[in-house]
Amino acid sequence: MRTRVLPTRRRGRGDTFGRATEGIARAMGTPWFLVGLTLFCGVWMVYNSTAPQAWRFDSAAIGFTALTLILSLQASYAAPLILLAQNRQDDRDRVQFEQDRQRAERNLADTEYLAREVVALRLAMRDMASKDFIRAELRALLEELDRRDADDAGFADEPSSATRG
C-alpha cells in the first residue's frame, strides 16, 4: 500500500482558483473597471500634486513612482490571470467542440438510418397494391358478378325440361 505525502484535494475546491481568476479577468474587461482605475489614478495624482507637502506620499517631481509601481504590479498580475481564464475558456470550448462533433455524428447516423428506412418503405410500397389497382380489381369483380347474376337470371327464365314435357 502506498501512503500519500500530500493530502487529497476535495472535489470542487480545486476549481475555486480557476473560477476566481475568470471572475477577476471578467471584471478587468469591463468599462467600469477602466473608469474606476482612471478615477483612482486621477485622484492619486491630484492629491499628490495639491495636498500639503507633508501629507503627500508620492512625488509628482519624480513621476509618481509609487503609482507607477502599483500599476505595474496590477498589470503583472492581470496578464497571467487573463491567460489562465483564457486557457479555461479554451478547455471549455474544446469540450463543447467535442460534444458538438459527437452530436453531429449521432445526427448523421440517425439521418442515414432514416434514409435507409425511407428507401425500404418505398421498395415495400412498390409491391403493395395502390388504390387505383384495388378499385379496378373491385370493378372487374363487380362486373363479373353482374354477368353471373345476368346468366343466372337467364337460366331462370327458360322452362325446365321437366315442365315441358
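Residues are numbered from 1 along each chain as its sequence is written, and side-chain values use heavy atoms, without hydrogens and water. In this predicted model, local features need pLDDT of at least 70 and side-chain atom pairs pLDDT 80 or more, while totals for chains, interfaces and linings use all residues.

**Exercise 1.** Describe the secondary structure and burial of the chain.

*Solution.* 
- Start with the elements: the chain has five helices and zero strands. Both are DSSP runs (helices H or I, at least four residues; strands E, at least two), numbered from the N terminus.
- Along the sequence the pattern reads α-α-α-α-α.
- Then take burial: 10% of the 165 residues are buried. Buried means under 20% relative accessible area, exposed over 50%, partly exposed in between (1.4 Å probe, protein chains only).

**Exercise 2.** Locate F64 and classify its phi and burial.

*Solution.* 
- F64 sits in the loop between α2 (31–50) and α3 (65–127).
- Its phi is near 50 degrees, a positive value in a residue other than glycine. Most residues other than glycine have a negative phi.
- F64 counts as buried because its relative accessibility is 12%.
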